[in-house]
Amino acid sequence: MEITQATAAELLRAMEQNELSCVEVTQAFLDAIQTRDVAVQAFLHVDPERALQQAEAVDQKRRNGQSLGRLGGLPVAVKDVLCTQGQPTTCASRMLQNFVPPYDAHVIERLKAEDAVLLGKTNMDEFAMGSSTENSAFQKTRNPWNLEHAPGGSSGGSAAAVAAGMAPIAVGSDTGGSIRQPASFCGVVGMKPTYGRVSRYGLVAYASSLDQIGPFANDVHGAALLMEVLAGYDSRDSTCADRPVPRYTERLDQPLDGLRIGIVEEHFTEGLDAEVESAVQDALKIYESLGARIEKVRLPHSRYAVATYYLIAPSEASSNLARYDGVHYGFRAQQFSNMVDMYSTTRGEGFGAEVKRRIMLGTYALSAGYYDAYYLKALKVLRLIRRDFDEAFAKVDVIAGPVSPTPAFRIGELVDDPLAMYLSDIYTISANLAGIPGISIPAGLSREGLPIGLQLMAPPFEEERLLRAARMFERETDWHRRRPKLMLTPQAGE
Amino acid sequence: MAKRVAQRVEPMATDTTKDYTVVIGLEVHVQLLTKTKVFCGCVNLFNPENPNVQTCPVCLGMPGVLPVMNREAFRLALKTALALNCRIARFTKWDRKQYYYPDLPKNYQISQYDLPFSHDGWLEVASDEEFSEKRRIGIIRVHLEEDAGKNLHDETGRGTDSRVDLNRAGTPLLEIVSKPDIRSPAEARRYLEELKLLLTYLGVSDCNMQEGSLRCDANINLHLQEGDETIATPIVEVKNLNSFRAVELALQYEVGRQLDEFRSTGHRLGDVPKQTRGWDEKREITFGQRGKEEASDYRYFPDPDLVPVTVSDKLLEEIRGELCELPAARRERFRQQYGLSQYDASVIIDQGRRFADYFERVAQECEDGKQAANWVTQDVLREMNQRKVDIDKFPISADDLAFLLKKISARELTTKSARDVFAELLAGADSGTPPSAGRIDQIINERGLALVSDAGQLEGVITAVIARNEKAANDFRNGKQAAIGRLIGEVMREVKGADPKLVRQMLIEKIVGSEEA
């Protein structure tokens, strides 16, 4: 078995049957990082020593016959927006370049408790603001399928790490599409759970009412397995749902009988790339061949989703990012003349352009005299968008459609056109506004050889339905088994 | 419209031809006595000696942390609002008040903006120092928020760095905003005294102004009457008020200052931006502070990290059930049940719950409320003040005092003797002999203070004294009233502790009776 091309389930099985030790598995991924990440640049921080220590501990437990957690030694990459005790957590920002949190995020605690091996922290758009990972203050991550192209974002590092076989599973966060869009661009599975399904404690906030943590994997089973670990109640997050977490992997292979799939007319209009459209249509045919019924549904207010998002998210961001002021931790400017000057110089030097743009947008939208016209109005539209989904899901079980209007764009292609960049999230943003789960699964390759994703969305807390519907498609296709050429070049030491 | 108070306040010259009304509204912040902070698990204690030890990632505002509402803080807040006769909102939420300051780690304060958990209440305050009437001061709203930390600036003038102590950051803080119903600086003080009494009765706060657990800002202006026209002067907010006395003095000063200001500038409300003035305790003046008012836009919006709170009937009933008898009600009950004057009832209640409990115990045990009131408001209070102790540390327990007072009612001791015993008990306590019922009896015995009220025991002595003093007895019979004094004195000398009233009565009966025989 080629370790770095294996799925999570295959690796777990091999370790359980003592065909591979956890140290061997971990070492293989560390080696892959060493060879491939020079080109891909997915990781901001790799901790081989600590990873191998954890792996050794897992092997020791196995040798002793002790029971292991659900991730039983699987290496995992983590987006650098999640706090890790004693390890840098930078949010790809100069502002937090030297910040080392004194605590672990809830999901990090969960990963450790279930015996995952933490490989390192992955690159992202600064404070998760962006759709290409180009807004990182430190490096540009490349799409493993074509290094001239962007991996998507903001969780581009995690998506690229899985796509390049530098980690079998990874954790990301999704505020407007930041898991699904890079998953689609990189040809891996990525899921944004229902708002409240995963505790946000320790997730550095961008837009608190929209942020959700979710899994990346190279197949649906891997995503389902990681979801079982990430999801669940945590009293430290007031918005976290106190309801049981299903065993998503258990019934994953049971097809959904009489599945009703909704398609949204508004999705298939101007701006949608023809190759993406045909990949989606092909996927729908496969579902039909499996007995699913395709129905048209309407989401009339989704045309306001991008505008709504760019009022709510920056408003919350302007407040969430106020704490980065150089007083208590993180970056502080060297030269300043007084307290107010220290604030403005620190923030002026510490934040990148996109972060500043959104802070200004949000500050404006919340200002006296504008609040009602912008923020309050956006909240009203948000309720209409939610109602649209409620009505649609009264008729269908899942909604299927494109993830992003195009396959991965070139690095640098959209950096000077923020509006075009914002539109790359046009199909994903609604799920965040409505708080519903959405998944991106590999569904094709463009003529240029770039992956195309299919998005499925389900009603709140129907992650199991979503994963089973995704798995139905995956069983019938081999898009998830495709690997970028980069992975086929021999590794050092192989 | 409330009655006009023709208050003339020195030191500033005032125009005596004008009549005016003082209009005051108070904004009071009180820290709640919870075990932990309002949005994290850190202990909630005043601890300025050890800065930044009562902190965690949440109250430090670290990246990624989330607040979780402290239910106990919300219960205490509800309790307070109910006691202030407020209407409780069934749906309330948290908002972020945004401003940059180093003592505010997140650079926003979690507070309540447009939907406070309670509103429209009132507090009854005595209209004057004699408690002859009550005035109802309206409460606009009470809301819950988190306190900020404390900036510690270099006061040596050497310009070293300022420091920040975040022990206080996240302490549950109630903001209680009164209507502008207060009509004099003295009434402002009485409002604060009554509020403090209420909050300490409820046990929700210790209201220690020195430690900052009660803080007060005052808004004041004047409504001047010129003919048929009422002219409002600009509203001034006074800060740095460190005691109730400071509140009263600062407001008194402001009345004079605003009168003078109006005379010299003619500025009315709306002509100039709202001014913030500080109180200089040493010079006893208010001084203009750099106004941040014109620039402040707090950009309030609902905190997306916290869920709105719904208040059920069940919760409200539960908390209503936990409310103790409130000071105003108790004051009234003391008056009726123990026949106290309004003044005495107020003196007792105003000393705080423990003192009132002490009084009530004494009153119930000795079965004489007036007697108990006289003793606690005079003797006990005087000794407490002299010793600078509160009632919990006062050496004589309520039961022991009641035991002593009962002897007065039972005519076993004169009031004067009881005072001697009281003094002796305290002296004993100071030298290590704790007061007790046994000790009281011991003092009475040792000093022979017991009243002899046994007629049989007196009978023989009285007969003998009359026999020995025929002349005096005859003088009395012939109308010389003073003659009886000598006889009483002689009986008292022979029977120590004899009840003088009884002796007098028996002597008269004997002398007059023998004449008839």
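Of the 494 residues in chain A, 60% are buried (20 or more other C-beta atoms within 10 Å of the residue's own, with C-beta atoms placed from the backbone; 12 or fewer makes a residue exposed, and anything in between partly exposed). The model is predicted: local features need pLDDT of at least 70, side-chain atom pairs count only at pLDDT 80 or more, and totals for chains, interfaces and linings use all residues. Residues are numbered from 1 along each chain as its sequence is written, while chains are lettered from A and ligands numbered from 1 in the order in which they are written.

Chain A holds 15 helices and eleven strands, where helices (H or I, at least four residues) and strands (E, at least two) are DSSP runs numbered from the N terminus. Its radius of gyration is 21 Å, close to the 23 Å of the globule rule for 494 residues, so chain A is as compact as a globular protein of that length. The radius is taken over C-alpha atoms, and the rule is 2.2 Å times the number of residues to the power 0.38. Along the principal axes, the C-alpha atoms of chain A fill a box of roughly 65 × 55 × 45 Å. Among contacts in chain A with a separation of 6 or more, 76% join residues 24 or more positions apart; a contact requires C-beta atoms, placed from the backbone, within 7 Å.

| Domain of chain B | Residues |
|---|---|
| Domain 1 | 19–297 |
| Domain 2 | 325–446 |
| Domain 3 | 455–516 |

The C-alpha centres of domain 1 and domain 2 of chain B lie 37 Å apart. Nine residues of domain 1 of chain B touch nine residues of domain 2 of chain B. On the domain 1 side, helix 2 (residues 185–202) of chain B gives the most, with five residues. By class, that side has five nonpolar, one polar and three charged residues. Ala, Val, Leu, Ile, Met, Phe, Trp, Tyr, Cys and Pro count as nonpolar, Asp, Glu, Lys and Arg as charged, and the others, Gly among them, as polar.

Chain B also has an open antiparallel sheet of three strands in the order 5-4-16. Strand 5 (108–111) and strand 16 (301–302) of chain B are at the edges with a single partner strand each, so one side of each lacks a neighbour in the sheet. Strand 4 (residues 95–98) and strand 16 of chain B pair over two bridges, and pairing requires at least two bridges found by DSSP. B:Arg96 stands opposite B:Phe301 in strand 16 of chain B.

Between the chains, the contact takes 33 residues from chain A and 24 residues from chain B. The chain B side comprises 15 nonpolar, four polar and five charged residues.

Note on methods: Two residues are in contact if their C-beta atoms, placed from the backbone, lie within 7 Å. Domain bounds come from an automatic or database domain assignment.
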